[in-house]
Amino acid sequence: MKNIYSVFRLILLTILIMYFLGCFFFLWSGLFKSERHTFFQAYHLNNAGGLYQTLTACYFSLTTLSTVGYGDLSPKSNYEMFLGMWILLGGVAFFSYIMGSFIEIISTFNQNLGNEDHTFELHNWLALLVRFREKPIPNSLYRQINEHYKHYWANDRLSQISGGNEFLAALPRQIKRSLVVHYLFDDVFYNFRFFFNPQKYKDSKFLYDIAFGL
């Protein structure tokens, strides 16, 4: 549900920015009607209906923001080209943000699917456990077990290392140790540096073994 809300929010944000930016460009172009060759004159917007004006402005703003630029609509005067240049620059940043957000949503969705598979297996195991017990598991204990493993699967730092990743499996052992110690668990060993003494054991197998036990 959270992923659906995030996608809907991104689509709504894109539509709102497209609309208001199109309206702003429309008003900006209208300020220079006295020029010989303008956006207004080139695409006959002076006497056009409101729907056509809105569609034209929004279509232009979307194609410019997305840096597609089909060429069927383009700025004509120097003032319009100046504004169009800034829209293009803003469009690069905006769509980079949109693509990054979509990638994050897809990554979260895939992670949640994996967690649901683990949760289904956990429920099956607990159901078998109840079958072989004389007394059922208390509801409070059942919820605690469920919440514990949900948190564990959502924050398992070693899932990428311990999985069947062919690239990581082909790496030398020393590089894999460095990834685990100095990247995945760097904050843990730093916060507890007086206990683990990472400077002394930074190249040893000790911290690597500790990471798999956390």
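Which residues make up the largest nonpolar core? Let's get there step by step. Keep in mind that this is a predicted model.

Start with the overall layout. The protein chain has 12 helices and 0 strands. The chain has 214 residues, and 27% of them count as buried. It exposes about 15,400 Å². Carbon and sulfur atoms supply 63% of that area.

Now, contacts. Take those between residues at least 6 apart in sequence. Of these, 60% join residues at least 24 apart.

Back to the opening question. The largest nonpolar core has 12 residues. Here is the list: F25, F26, F39, F40, Y43, L45, A57, F60, L65, L73, L83 and I87. Which elements give two or more residues to this core? They are α1, α2 (39-42), α3 and α4 (78-131). Helix α3 gives the most, with 3 residues. There is also a second, separate core of 10 residues. That second core includes V180, V188, F196 and Y208. In soluble globular proteins, nonpolar side chains tend to be buried together.

Next, the rings. The structure holds 8 aromatic pairs. Take Y19 and F20. Their ring centres are 5.3 Å apart, and their planes meet at 75°. An angle over 60 degrees counts as edge-to-face, so this pair is edge-to-face. Are these two residues buried or exposed? Y19 is partly exposed, at 38% relative accessibility. F20 is exposed, with a relative accessible area of 54%.

Compare that with F25 and F60. Here the ring centres are 4.4 Å apart and the planes are at 35°, so the pair is tilted. This pair links distant parts of the chain. F25 sits in helix α1 (residues 2-30), and F60 sits in helix α3 (residues 50-65). They are 35 residues apart. F25 counts as buried at 1% relative accessibility. F60 is buried too, at 2%. Ring pairs link F25, F39, Y43 and F60 into a cluster.

Let's look at α3 itself. It has 16 residues. From its first C-alpha to its last it reaches 22 Å, close to the 22 Å expected at 1.5 Å a residue. Which of its residues are buried? They are Q53, T56, A57, C58, F60, S61, T63, T64 and L65. Just after this helix, T67 takes a positive phi of about 60°.

One is L45. Where is L45? It lies in the loop between α2 and α3. L45 is buried, with a relative accessible area of 0%. Set aside its neighbours within four places in sequence. L45 is then in contact with F26, F39, F40, Y52, Q53 and T56. What about G30? L45 and G30 are 15 residues apart in sequence. Their C-alpha atoms are 9.4 Å apart in space.

The other is G22. This residue is found in helix α1. G22 counts as buried, at 0% relative accessibility. How far apart are G22 and C58 in sequence and in space? The answer is 36 residues in sequence and 4.7 Å in space, C-alpha to C-alpha. Again leaving aside neighbours within four places in sequence, G22 is in contact with A57 and S61. Both A57 and S61 are among the buried residues of α3.

Last stop: helix α8 (residues 173-184). It has 12 residues. It reaches 15 Å from its first C-alpha to its last, close to the 16 Å expected at 1.5 Å a residue. In α8, R177, V180, V181 and L184 are buried. Why do we say they line one face? Look down the helix axis. The buried residues of α8 fall within an arc of 125°, so they line one face of the helix. One of them, V180, also belongs to the second core.

To recap, the chain holds 12 helices. A second, separate core has 10 residues. Thanks, everyone.

Methods. Residues are numbered from 1 along each chain as its sequence is written. This is a predicted model: local features need pLDDT of at least 70, side-chain atom pairs count only at pLDDT 80 or more; totals for chains, interfaces and linings use all residues. Side-chain values use heavy atoms; hydrogens and water are left out. Helices (H or I, at least four residues) and strands (E, at least two) are DSSP runs, numbered from the N terminus. Buried means under 20% relative accessible area, exposed over 50%, partly exposed in between (1.4 Å probe, protein chains only). Contact means heavy atoms within 4.5 Å. Accessible areas come from the Shrake-Rupley method with a 1.4 Å probe; for residues, only the protein chains shown count as cover. Rings of Phe, Tyr and Trp (its six-membered ring) pair if their centres lie within 6.5 Å; planes under 30 degrees apart count as stacked, over 60 as edge-to-face and the rest as tilted. A nonpolar core is a set of buried Ala, Val, Leu, Ile, Met, Phe, Trp, Tyr and Cys residues joined through side-chain atoms within 4.5 Å. The expected span of a helix is 1.5 Å times one less than its number of residues. The arc is that of the directions from the helix axis to the C-beta atoms.
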